[in-house]
Amino acid sequence: MRKVQATLLLFILLVFQGHAQIFDPVSWKISLDDPGTPEKTLVFTATIDAGWHVYDLNLPPGGPVSTSFTYTTLNGVELVGDIQSSVRPVTEYDESFEMDIRWYSGSVTFRQKIRVTDPSKFKLAGEVEYTACNDATCLPPEREDFSFDKKHIKTVAGESAADPAPEVVTEPAPDGEEVPEEPEETSATNDGQPALVPLTPVTPPGELMSSPEAADLWRPVIAELRAFGDSTFSKTNDSSWWVIFVTGFLGGLLALLTPCVWPMIPMTVSFFLKRTKDRKKAIADALTYGVSIIVIYLTMGLAITAIFGASALNDLSTNAVFNIIFCLLLVLFAVSFFGAFELVLPASWTNKLDSKADSTTGIVSIFFMSFTLVLVSFSCTGPIIGTLLVQAASMGSYTGPAIGMFGFALALSIPFSLFAIFPNLLQSMPKSGGWLNSVKVVLGFLELALALKFLSVADLAYGWRILDREVFLVLWIVIFAMLGFYLLGKIKFSHDSDLKYVSVPRLFMAIISLAFSVYMVPGLWGAPLKAISAFAPPLSTQDFNLYENDVHATFDDYELGMAYAKRVNKPVIIDFSGYGCVNCRKMEAAVWTDPKVKHILENDYVLITLFVDDKTRLPEPIDIEESGKKRKLRTIGDKWSYLQRSKFGANAQPFYVLLDNDGVPVGPSYAFDEDVDKYVKFLQGGLNYYKAKQ
């Protein structure tokens, strides 16, 4: 859901041997709160796994699938008022749907008041429909059935008492009525995460097939996918942790080059080497100093998350007011870096820590010296740390900020320890001077560009339309062009040293900055600019757009598409998608629009897109048996979701699979991965295998 911000995504993909992959990240607890009066309350509590969310009720048309409560039976009872949620949903603008989207994470309880009008005929049944999503994928819509009758209510208006209402109805309904189907069950792995439910291969009932010849098209092919070494779901969120760690580490390296930190390296290391004649002890003290820096920053990251909460930080990272405030802070830091004024913490803070370091000995003294470095360097490291925490907190986890701060502190502490071990390296270090001020000015330009990204979030949320895509790009083009000219010495600030010549590093950085500005120019006419798609506002906000390179599916019906492919003798690519699947749209925009991919999809394959959240009702519900349970398929989306689960053993989108004309795979499946070369290789491999079979 968060495409505007460069957020890192928290999701847990469970990996089992083989290909079957069924997720169930939401569990429901449905009960009837009965105080013994005619008015009672239905209580629906959803417990949602970390990193996942469900959408709010009554989202605008054209958005993702809303959570809905449908009552199929209301005998002797009437609803009182509207259903109410226990917490406010998170609201954020989603550029994929071009609207504000509301969703819940963690846990949410919905309450619906009812009034029993005839206890002897009381019968209430229905279903909850919902869609579970994370930042990487959306699952097909699921349903949770519920049913209560007169046996589940207490004495009302002179009626005889009944058994207290259980939290979940498990016994058959009275009078021979049909029991609503139950949702799929999941087991649990040793680490408490939901496990995969093995799918029992079944022959689909006749209602699913338009002709006897279509029977083989529904035959499970999970074993065939395994034979190709299918590893679509072998990627875990470990990559997310690595990304945030590397981001923090690079931020720490950048902080080293600031005027607040760089001069401290030789001063601090020299101090440790002089405070004792024992070189081994001096090295041990310097290593302790480096570890102390890591501990301080790691503690800071955990403390901030503990105080505000992981979900609160996540909410703040997408909150319009917070983004405006953070934008203004970054502008303030940028102006300071340009030399207008100096941002420093109160001198009394550092003086007290200095005195503590002098008055104590051993590890405590070293720890206070580390704390002094943290405070002294704040004016340079503050904006880097702040941006890092916002990015890490977007993952909605306590782990993200800690990992990011660990990477930052590790990079910051390495030089102090390294130079203490090899003190002769200090002689080769560049001396402090005008180049450090140049680093600070470069950081100012980068902070200014980053501030616009945060302002863009607020602009989209409030619908001001003052920072549309073309305005954003113009500002970035100017900022990075000015940065390039500054590096070449064409722009000079009052506190800059004279630049007698342009060094080779400055020249290359200037080339990169100016080239980046030129790269963004075509975006003013609608070029997708995939490299900055996570930062720039969506193309839909651009008034003048000449870009037309979309790929559209030939069919949205499985059997019709397969019949056509057999007639024209072409392989098939099945695209299991969803209207509420953000990453499906990202694949379509970033991968399908590539000329090589577009050519293969339109000329060598028959593309069939099946929306698993299509709400169009089937003419008649279809009865199926899956994993030993009887279920009903009521919508077209149910049908395609069942096809994905039963035939391919997966239920996450986007999901791409290549088939021959008999519905047999001609290659492994493919999930969300914006690597165009991998996708071309995936398509070409299936095409070659299909031709070889012919």
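**Stop one: an aromatic cluster**

Select Tyr 130 to begin: with a relative accessibility of 4%, Tyr 130 counts as buried. Keep in mind that you're looking at a predicted model.

Trp 28 and Tyr 130 make a tilted aromatic pair, 5.5 Å from centre to centre with 55° between the planes. The pair ties together distant parts of the chain, since Trp 28 is in strand S1 and Tyr 130 in strand S9, 102 residues apart.

Next, bring in Phe 69, buried at 15% relative accessibility. How do the rings of Trp 28 and Phe 69 sit relative to each other? Their centres are 6.4 Å apart and their planes at 85°, so this pair is edge-to-face. Again distant parts of the chain are linked: Trp 28 in strand S1 and Phe 69 in strand S4 are 41 residues apart.

To see the whole cluster, select Trp 28, Phe 44, Phe 69, Tyr 71, Tyr 104, Phe 110, Tyr 130 and Phe 146.

**Stop two: the largest nonpolar core**

The largest nonpolar core has 30 residues, and those touching the most other members are Trp 28, Phe 44, Phe 69, Phe 110, Phe 122 and Leu 124. Strands giving two or more residues to this core include S1 (26-33), S5 (77-85) and S9 (123-130). Click on Phe 122 and show its surroundings: among the residues it touches are Leu 32, Val 77, Ile 114, Phe 148 and Ile 153.

A separate core of 27 residues lies apart from this one, with Trp 218, Trp 640, Tyr 642 and Phe 648 among its members.

**Stop three: helix H17**

Select residues 636-648 for helix H17, which reaches 18 Å from its first C-alpha to its last. Of its 13 residues, 12 are buried, including Trp 640, Tyr 642 and Phe 648. Step just past the helix to Gly 649, where phi is positive, at about 70°.

**Stop four: helix H13**

Which residues of H13 are buried? Highlight Arg 506, Ala 510, Ser 513, Ser 517 and Met 520. These cover an arc of only 95° around the axis, so they lie on the same side of H13. Turn to the face pointing away from that buried side and you'll find the exposed residues Val 504, Ile 512 and Val 518.

Finish by zooming in on Arg 506: its charged end sits over the ring of Tyr 486, 5.8 Å from the ring's centre.

Note on methods: Residues are numbered from 1 along each chain as its sequence is written. This is a predicted model: local features need pLDDT of at least 70, side-chain atom pairs count only at pLDDT 80 or more; totals for chains, interfaces and linings use all residues. Side-chain values use heavy atoms; hydrogens and water are left out. A nonpolar core is a set of buried Ala, Val, Leu, Ile, Met, Phe, Trp, Tyr and Cys residues joined through side-chain atoms within 4.5 Å. Buried means under 20% relative accessible area, exposed over 50%, partly exposed in between (1.4 Å probe, protein chains only). Helices (H or I, at least four residues) and strands (E, at least two) are DSSP runs, numbered from the N terminus. Contact means heavy atoms within 4.5 Å. The arc is that of the directions from the helix axis to the C-beta atoms. The expected span of a helix is 1.5 Å times one less than its number of residues. Rings of Phe, Tyr and Trp (its six-membered ring) pair if their centres lie within 6.5 Å; planes under 30 degrees apart count as stacked, over 60 as edge-to-face and the rest as tilted. A charge sits over a ring if NZ of Lys or CZ of Arg is within 6 Å of the ring centre and within 35 degrees of the ring normal. Lists of a residue's contacts leave out its neighbours within four places in sequence.
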